[in-house]
Amino acid sequence: MSRSATSTRRSLVAACAIALIGPAAAHAQLITIDRLADSLGKLRRTSTFAFRARVDTLHASTVPGIPASAHTIAVTPTLALQCPHAVGVYAGQPLTVYVEDTTRLAPMQEWWFFASGWVIGDHIGVRSVARFQAARADSALERDFLGPNGPRAQLKHHLEDTVFVVTGRISLDSVRPNVGAAIQRIINRGASAVSLPFTRGSVMLAPDGGHVDSTFNVAVPFSLILTPLLQVPDAYQHLLFLLHVTLNEPGNLVTNGPKPPFMLRSADDILQIADSAGVASVIAQLPKGQLGAPPTDFVAQCGTLPP
Amino acid sequence: MRAAIAALLATVPPVLHAQVRVVNMIPAMFGDETTWNPEPTLAVHPTDRSLLAASSFLLGTDVCEGRNLSPMLVSRDTGNAWSVVCNIPTPGLAGLPPQDVVMRWGSRGRRLYAAFIWSLPDQPQSLQVFSTNDVFSPRPMQFLVGHDTVDQPDLLVIDRHGHDRVMVAGSYKDSMPRTAAILWADDPTGPMQFKRIDLEHRKIGEQDFAVRLDAHASGRVYALYDAVPLEYKHNNTTFLDIVVARDDFGGASKNPFAALREKPRPSSPANCPIGDGLPGVRVVRCRPYAYDGWGAVRDTFGFQRRVPVQLSVTTDPTDKRGNTVYVAWADSSGSDHQRVTVAKSIDGGQGWRLLLSIPNAMNPSVAVDSLGRLGFLFQQLAYDSVANRWVTRLLVTRDDMQHAREYVLASTPALLDLVRAQPYIGDWAELHARGSEFLGVFSAANIPDSANFPNGVTYQRRVSFADRMLLVRRPVDDSLRVDQLAPSIDPFFFRVGPAESPRCSTLRSSVPVGTTPPSLIALPREISDSTRRRMSQIGCDR
């Protein structure tokens with residue numbers, strides 16, 4: 001792989017995984033490159049798999065139990081842009097893609113596939129949501145992921161009204177399933193002010209660089225109580241807490257810092273840092289003095305190094 | 001050549017030849033998941049022995065179609081390998097998967113049915129029923145019926161003139177008091193609407209929990225449910241009646257599920273009398289129950305919440321008239337947190353005899369195989385010097401628990417750091433009989449430790465038994481590094497054959513003649529003799 005290709009790959013992958021889950025999936029199989037810029041963000045939200053792949057065989061299947069048909073093709077991913085946490089690394093292994101039609105597809109071609117999970121066992125089968133010829137889409141994908149509407153830009157925007165950014169790696173021996181269980185643990189301790197249990201021993205990116213002591217308002221919205229904090233393996237158990245000045249509204253999960261108090265406004269303020277390299281990059285671009293140094297222990301997903 | 005064959009045989013896992021097979025159901029390519037998977041269900045195909053479907057609180061948010069689909073598990077090789085298939089419609093999926101999922105195949109195996117509870121925007125506890133004629137289809141399952149405010153559904157599908165009669169039992173909370181009820185329809189993919197049968201004929205406090213169903217080839221359908229007696233409606237402690245109802249015409253009698261009535265008799269005892277002549281025989285009355293709806297992180301019962309879902313009913317296929325029926329339930333006594341009891345009737349549910357009670361246990365499930373052997377599955381909390389352990393045990397008996405083969409399918413630690421939410425390992429496990437073998441599912445901690453699985457275990461996900469670790473591949477420096485993955489609760493499938501383990505004869509020969517076998521309620525760790533202890537784990541005749 002050439003140096004420029006490697007750079008592109010790293011940039012793309014580094015920007016891939018802050019994607020938040022969005023509305024229902026689109027079913028268009030073929031989207032023109034001209035429309036790509038507009039649709040890419042939606043595709044990223046509605047697809048669970050995004051990868052560049054070489055078409056191996058048309059009307060074939062690599063998944064036992066899935067017969068080959070006019071709708072199935074066998075491909076080998078060469079670059080994974082979006083990786084479901086439960087699946088992990090999958091580039092380099094043959095996949096089966098269900099497509100509505102095989103128009104313009106031929107063996108040995110390289111295509112970008114945006115897809116949803118279909119059958120995942122010893123092998124992977126996905127349903128294609130959209131596909132683009134790789135040679136034409138590489139630059140557009142890079143532009144979108146790194147451009148003003150890409151995940152990096154969205155994160156930067158999100159950080160603009162954030163007072164504290166707390167990142168943490170969840171330790172294996174702590175209770176960390178969801179907000180509700182963490183609160184339960186605090187209640188059982190009978191403590192009124194404890195450290196965030198899911199950031200033990202981790203880096204706190206606060207103006208003073210110190211740890212944030214906290215107390216929790218038990219009257220947390222039900223949806224927030226059920227917010228999973230651990231959907232990802234240990235390697236990816238980095239969370240990003242975006243703390244805002246609290247209004248002390250009933251139902252908010254409140255953390256009391258020195259002054260003023262802070263809060264997590266919603267589940268959106270607790271982000272899993274799958275694309276930690278991207279987060280580090282954005283934080284590094286913020287004005288000096290606003291936040292501490294970018295963390296150094298992040299591991300990027302999908303098979304590449306941080307940029 | 002001989003050496004090559006010997007080497008080849010040496011690589012074949014011994015589990016393939018065992019009478020007991022335990023399989024961690026998380027697929028290989030789904031092996032980086034760390035969610036917790038309680039509440040397992042298993043659908044056994046009636047004609048294709050290789051085909052199984054299952055579910056266990058599987059979250060598909062970032063794998064399936066965003067917020068629209070959740071996965072199920074499917075095996076095409078009788079449970080050796082499992083695949084996740086994204087086909088359960090769950091619009092608005094966020095942090096929780098479909099709940100209380102139960103899955104059953106149609107009577108001739110043409111369709112798979114699934115019922116579960118799903119939160120809709122205006123209805124947080126809605127029953128949803130779907131079906132498909134192809135579990136591997138890239139299309140979602142087909143919607144059949146929905147019903148607001150239902151809890152703990154159970155599914156029964158029987159053959160009715162070549163069509164599927166589908167019954168969906170549960171606690172229907174849209175009536176006052178809440179009541180056990182069934183929705184049913186013939187060939188529900190057609191135009192027929194679902195009809196409702198209310199099972200309760202008495203004035204009760206409420207029926208807030210569960211109903212379980214089973215059918216006999218004669219057309220008899222049994223329903224087992226619990227109810228809070230009116231006398232104890234406002235008591236601080238939960239009390240339960242355990243009730244059996246019966247329908248002799250496939251659930252479609254003119255007066256459905258009223259074939260079984262309590263024989264009128266003088267009221268005794270005065271506070272909880274039995275014998276009112278109404279439909280539904282109460283097997284036991286006013287049993288105390290240590291209700292603990294949400295559990296507590298430091299709960300003494302192995303981090304597991306205690307809710308009265310714990311019911312199971314099965315008929316004996318070798319009794320041509322369908323008169324022989326077994327039930328199992330959970331209640332509590334002063335000396336245990338929760339206990340499970342199995343009882344038998346040989347007169348169609350009129351009279352009952354208690355067979356066995358297991359202390360500190362839950363998730364009872366009963367099934368009878370084609371040889372008339374009763375299988376009794378449960379999960380028991382055992383204490384040792386290291387940690388609490390959840391021990392999943394199967395008893396198989398020919399003589400009403402006078403003697404039984406015992407199998408320890410898993411003995412896994414109850415660990416605080418695996419408490420993701422409640423339930424911890426789930427409110428039920430499932431046992432099914434097919435021919436002369438038993439198949440089932442349970443949930444347990446997924447730490448790959450051979451000592452936790454006395455009958456062996458197969459993992460599809462990456463593990464190191466030597467290090468007792470789940471493994472994950474991490475990309476580092478353009479290569480893959482293998483690291484530890486956080487443990488969690490996983491579903492396990494098991495299959496137990498009809499023969500005794502070949503190791504039993506050797507073990508038995510070293511037991512002194514005249515030695516009394518240990519009690520069936522004794523945990524293996526309580527058996528001091530190591531030979532007897534091993535025999536109590538691998539299903540030796542006794």
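Reader: What percentage of the 542 residues of chain B count as buried?

Author: This is a predicted model. Chain B has three helices and 32 strands. Its radius of gyration is 23 Å, close to the 24 Å that the globule rule gives for 542 residues, so chain B is as compact as a globular protein of that length. The C-alpha trace spans about 75 × 60 × 45 Å along its principal axes. The share of chain B residues that count as buried is 55%.

Reader: Which strands stand at the edges of the open sheet of four strands in chain B?

Author: The order of this sheet is 23-24-25-26, with antiparallel pairing. Each edge strand has a single partner strand, so one side of each is left without a neighbour in the sheet; the two are strand 23 (361–368) and strand 26 of chain B.

Reader: By what angle are neighbouring strands of that sheet turned against each other on average?

Author: The sheet in question is the open one of four antiparallel strands in chain B. With direction ignored, the average angle between its neighbouring strands is 15°.

Reader: Is B:Asp369 buried or exposed?

Author: B:Asp369 sits in the loop between strand 23 and strand 24 of chain B. Beyond its neighbours within four places in sequence, its contacts include B:Gly375, B:Ala433, B:Gly435 and B:Phe438. A residue needs 20 or more other C-beta atoms within 10 Å to be called buried. B:Asp369 has 21, and therefore the answer is buried.

Reader: Which residue takes a positive phi in the hairpin of strand 27 and strand 28 of chain B?

Author: Strand 27 (residues 430–434) and strand 28 of chain B pair in the antiparallel sense over five bridges. Within that pairing, B:Leu431 has B:Gly440 as its bridge partner. The hairpin has two residues between the strands, and the positive phi, near 60°, belongs to B:Gly435.

Reader: Which residue in strand 32 of chain B is the bridge partner of B:Leu439?

Author: Strand 28 (residues 437–445) of chain B is mostly covered, with eight of its nine residues buried. Eight bridges join strand 28 to strand 32 (residues 489–496) of chain B, and the two run antiparallel. The bridge partner of B:Leu439 in strand 32 of chain B is B:Arg495.

Reader: Is B:Asn360 buried or exposed?

Author: B:Asn360 is in the loop between strand 22 (353–358) and strand 23 of chain B. Its phi is positive, about 50°, although it is not a glycine. With 23 C-beta neighbours inside 10 Å, B:Asn360 counts as buried.

Reader: How many C-beta neighbours does B:Arg468 have inside 10 Å?

Author: B:Arg468 lies in the loop between strand 29 (463–464) and strand 30 (469–476) of chain B. B:Arg468 is a residue other than glycine with a positive phi, near 55°. B:Arg468 counts as partly exposed, and its number of C-beta neighbours is 15.

Reader: Which residue follows helix 3 of chain B?

Author: Helix 3 covers residues 530–538 of chain B, and its buried residues include B:Arg532, B:Met535 and B:Ile538. Strand 26 (405–413) and helix 2 (504–509) of chain B are among the elements that cover them. The residue after helix 3 of chain B has a positive phi near 80° and is B:Gly539.

Reader: Which element of chain A has the lowest mean pLDDT?

Author: The mean pLDDT of chain A is 58, and 32% of its residues reach 70 or more. Over residues 1–28 of chain A the pLDDT is below 50, and this stretch has 74 contacts in the model beyond near neighbours in sequence. Among the elements of chain A, strand 3 (residues 95–98) has the highest mean, 97, and the lowest, 28, belongs to strand 7 (residues 194–195) of chain A.

Definitions and conventions
Residues numbered from 1 in each chain as written. Chains lettered and ligands numbered in written order. Predicted model: local features only at pLDDT ≥ 70, side-chain atom pairs only at ≥ 80, totals over all residues. Buried ≥ 20, exposed ≤ 12 C-beta atoms within 10 Å, placed from the backbone. Contact = placed C-beta atoms within 7 Å. Pairing = 2+ DSSP bridges. Axes fitted to C-alpha atoms, helices over the stretch in contact; angles between N-to-C directions. Rg over C-alpha atoms; globule rule 2.2 N^0.38 Å. pLDDT = per-residue confidence, 0-100.
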